[in-house]
Amino acid sequence: MTKTMGLKKPAISVGQHSTAGRKDRNDDSYGVLIPEPVLLETKGIAMAIADGMSSSEAAKEASETCVRSFLTDYFATHQSWTVKTSVERVLSAVNRWLHSQSEAHYDSGRGMVSTFSGIVLKSSLAHIFHAGDSRIYLIRDGAIERLTNDHRVRVSGKQEYLSRAFGISRDLAVDYRTLPIERGDILLFTTDGVHDFLRDGQMANIVRAEPNDLDGAAARIVAAAFANNSNDNLTCQIVRIDDPGATDQKALQQRLSALPFPPEISPGSTFEGYKIVRELHLSNRTQVYLAEDQETHERVVIKTPSVNFEDDATYIEMFTREEWVGQLVSSPHVLKVLAPKRLRKSLYYVTEYFEGQTLRQWMLDHPDRDLEAVRGIVEQIVKGLRVFHRKEILHRDLKPENILIDRSGLVKIIDFGSSRVAGIEEIASPVGRPALLGTEGYTAPEYHRDVQPTTRSDIYSLGVIAYELLTGQLPYGRGFTTRRDVDRLAYIPATQLNPNVPRWVDAALAKAVHKDPLQRTEVLSALVEDLRKPNTALITNRAVPLIERNPIAFWKVVSLVLAVVNLCLLVLLFPAR
Amino acid sequence: MPETTPRRFTLFSAEPRIKVLHYTWLAFFVSFMVWFNHAPLMASIRTSLKLSDQEVAALLILNVALTIPARIVIGMLVDKFGPKLMFSLLLGVSGLLCIPFALATDFSTLALSRFLLAIVGAGFVVGIRMIGEWFPAKETGLAQGIYAGFGNFGSAAAAVTLPTIAALAGGENGWRWAVGLTGAIAVIYAVMFYVSVSNTPKGSTYFSPKKMGALELSSRFDFVLYVLMQIPLVLALALLAWKLGPANLKLISGLTTNLIFGALAALFAYQVFDAVRINRPMLSGVPVPPLQRYKFQQVVALSLAYFVTFGSELAVVSILPLLFKDTFALSLAFAGFVGASFGFTTFFARPAGGGLSDHFGRRRLMLLCMLGTAVGYFAMSFIGPATGLVFGVTVTFLCSLFVNAGNGAVYAMLPLIKRRLTGQIAGIVGAFGNVGGVLFLTLYSFVTPQTFFFVAAGTSLVGLALIYFFVEEPKGQIAEEMADGSVTMIDVA
């Protein structure tokens, strides 16, 4: 497994043993899943143990559901999700299902209940999820340490109940922690039939005695617990970490440089099964061509990396990520990246051909834009952007140049090279990520402060675009280039630049481009709604004082009043003799 | 799909990037004009201020000295402030510095303003950055060739026009008007440049620039070479300080000289420290990944080639008008005109050098250029009243063809050493060009023109040998499209 190219994926050895013991049937479930190589790199390895409650009628089904869902559904979750988010979603689905089954079929709150302890091992890190009284231990350098807490309450004397487990209630708190894992670490999964009847040290000794026969060690632990009069099901699963999956610089470089950069392509030539029709856009970072698939005669767009960056690993990673993001996000309002049909021999990717112009060009061609047209565009961008956000992806570089619009008014978001995908930020990568400064004028102020960007940062960019569509200007006059700019520049009401913009629309824009992300429009739908109908909370709450509405007039009035007062004082203090 | 880039590269186009190219080469042109506005007027300046030959030589050296450290500083400032502001500032400041030079009544004012004016020679780095931002990869070579070639032409333009302008202004102080005029042009153009160009194409995404610092190296041997390469940079400045000091020109005091030596030693120490800091993982035994490895000896060989070609060009352009005037007893204007025959060819020879190397083989073209340079300088050593003016102009012209094509060939090769580090490598190679200028001009102050050209021919032969032994035809992994649509790997040779 370690021979595969790329990020060095984790490698493990497994030993398992489970028996019903002194009971009629075995309600314990357990398992380990090492996925195919692509998933192994992005998702890691999953391992789990579960103990169906003996008092429940479908205990076995409950524990099996927990383990099976965890092992399979986790790998079906979106590649771009973080481990925590993926597992959280899988487990809450499992819990709700178990709970609903109990209520529907068994008329009792205890119908399908199970403990669960699971680990996802990815990039040298163990992500531990736990609810109930099954346990996970870590044996490192001969010392044993328990990684989970038992969720039990002692009612009286020997009476103990599970305080937390799957299927008990509709909402469930699952313990989550992460732990750096090293080569040679041993993870020990047990159910209460084992660990209630053996001391931790005894288990560690047995494992240590059988370093190369993990199945044997698991069987001996179970046997020892059984010998100590265990009256429950007994399950022991041992996982030894042969390679924690640390990122390997050399391997990564090899993977990144595996595909050579394409040669210079000229219109009329053929390139990997495509006939190049013409150049669409050349920049110092990429080349974009219009091409025709020689098999299907379908018109497509080919994007190739610029030879300027042929030895720049960071650039190559961003280029490949752009293609991936394009495949993850599917919406009529996002430019579709086509899945490769043939094995590629050089680095490039293919997108659908969308015959439109950039929103920048469209703005120049349509100087008189009415509010309804702007709404239509913003709402389409929102639809596209929402798909990004649902997959926990931030676009991070929304601007009129990255939005296309065709004759019929269909709008599509393009260029995902700057996007941030929550799931892959976790893969420990030796390649430094460049500090993205985005595009002046459109990136949110938090990029200049060391604040983690959120979906609201994309809302900011969209707010700027909406503002520009209505006024032709940027909401703060110009973009923020420094932190000082952020403090200094003030919002210019859209009503000042375009008297046709209603006050309430300006209020919606002002909230969408608020400098403070916490006070900004929270969700995309709110922006759409606020642009559709007056949001009373935004306007009536606060009548704009004169000093903000028209500072010059305010100070003129103040000066005049002061002058009059001074005159009066003069007259009063020095009365005419 | 947006169609914002035209299909053809044409200089007569209203495309934004072509506009930027024109503005940028013109900025470089003006900077070169200011940089060499003294050379064709030197005869007048010499008479007007009654300068000795040694003082004239010192002025010429001073003009290229500060350029060496300025290139590094300007390079870092461009990262921070962008090429638009930096080129405008550079032109504006140097334009203003022309005023004290034009008004000088003694040698020290002249020397100090010339010394400071040397920073204008760092303009090259700024413009190269601008071109890199605006042009796609397949056009950068040509765009940079046009930029450098047309820009370098500024020295020839100065040589042709300034003596005439001085003559028109008349009298002993004509040169002051000519110098002042170039300063005014520089200041006005600085403003024009600032309002007319932008750092990047409109709406392009901005990435934080790479940090400039010591170069990333691939092996300990390369590290030693790199440290050795820093010595000449410091030594050239030390040589200048010595030349100005009590031992020779007595322009600065012994204490000042020693202070400068101390500062240079500190600079050297800092550069070594910085190199250790950047390369610590490699030095402590962590192997450099294959993708990031390259041979530093290629940088050394190209630096020395540029040392010869650009260094000698700087020297020859500075001395030629005066040489022709003194040798053939020409008028100032006519001497300037024939003196310009050297800088004149840069206009086409430099872009041609870059373009030819793509077809002819980079290494082979460089060898040819060095050989031509050696022969050319050897021939120039025979320039004298005996061989006549026609011979002088002809050999100058032919020699400059090879020198300028050589400059172009060196710069065409730089990106192929290590694409990612091109900016830094260009900085080192460029600095060596300036070191060459200092050393050649210092040499000129000690020997006869005949010996000077003879030595220049000799160093060209050394450069030839270095290229022959140490420069490899660059190998690149670029996928080449075959007729059947399959791709094979070929070397870019």
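This is a predicted model: local features need pLDDT of at least 70, side-chain atom pairs count only at pLDDT 80 or more; totals for chains, interfaces and linings use all residues.
Figure 1. Take the contacts in chain A between residues at least 6 apart in sequence: 68% of them join residues at least 24 apart. Chain A has 577 residues, and buried residues make up 44% of them.

**Figure 2. An open sheet of three strands in chain A.** Strands of a sheet pair through backbone hydrogen bonds, either parallel or antiparallel. Here the order is β19-β21-β22 in chain A, and the pairing is antiparallel. Which strands sit at the edges? They are β19 (357-358) and β22 (411-413) of chain A, each of which pairs on one side only. Strand β21 (residues 403-405) of chain A is joined to β22(A) by three bridges. For one of the residues to look for, I405(A), the bridge partner in β22(A) is V411(A). Helix α10 (residues 371-390) of chain A packs on this sheet and touches β21 and β22 of chain A. The direction of α10 makes about 40° with that of β22(A).

Figure 3. Start with E272(A), found in the loop between β13 (270-271) and β14 (274-282) of chain A. Is E272(A) buried or exposed? E272(A) counts as buried because it has 22 C-beta neighbours inside 10 Å. Now move to D415(A), in the loop between β22 and β23 (420-421) of chain A.

**Figure 4. Helices α15 and α17 of chain B crossing at roughly 45°.** Two packed helices are described by the angle between their axes and the distance between the axes. For α15 (residues 346-360) and α17 (residues 389-417) of chain B, the axes come within 7 Å and cross at roughly 45°. That angle makes α15(B) oblique to α17(B). The crossing of α15(B) past α17(B) is right-handed. Where do the helices meet? On α15(B), the contacting residues include T346(B), A349(B), P351(B) and S357(B). On α17(B), look for L401(B), N404(B), Y411(B) and M413(B), among others. Sorted by type, the residues of this contact are nine nonpolar, eight polar and one charged.

Key:
Residues are numbered from 1 along each chain as its sequence is written. Chains are lettered from A and ligands numbered from 1 in the order in which they are written. Axes are lines fitted to C-alpha atoms, for helices over the stretch in contact, and angles run from 0 to 180 degrees between N-to-C directions. Helices (H or I, at least four residues) and strands (E, at least two) are DSSP runs, numbered from the N terminus. Angles under 35 degrees count as roughly parallel, over 145 as roughly antiparallel, 65 to 115 as roughly perpendicular and the rest as oblique. A crossing is left-handed if the near helix is turned anticlockwise from the far one by less than a right angle, and right-handed if clockwise. Two residues are in contact if their C-beta atoms, placed from the backbone, lie within 7 Å. Ala, Val, Leu, Ile, Met, Phe, Trp, Tyr, Cys and Pro count as nonpolar, Asp, Glu, Lys and Arg as charged, and the others, Gly among them, as polar. A residue is buried if 20 or more other C-beta atoms lie within 10 Å of its own, exposed if 12 or fewer, and partly exposed in between; C-beta atoms are placed from the backbone. Two strands pair if DSSP finds at least two bridges between them.
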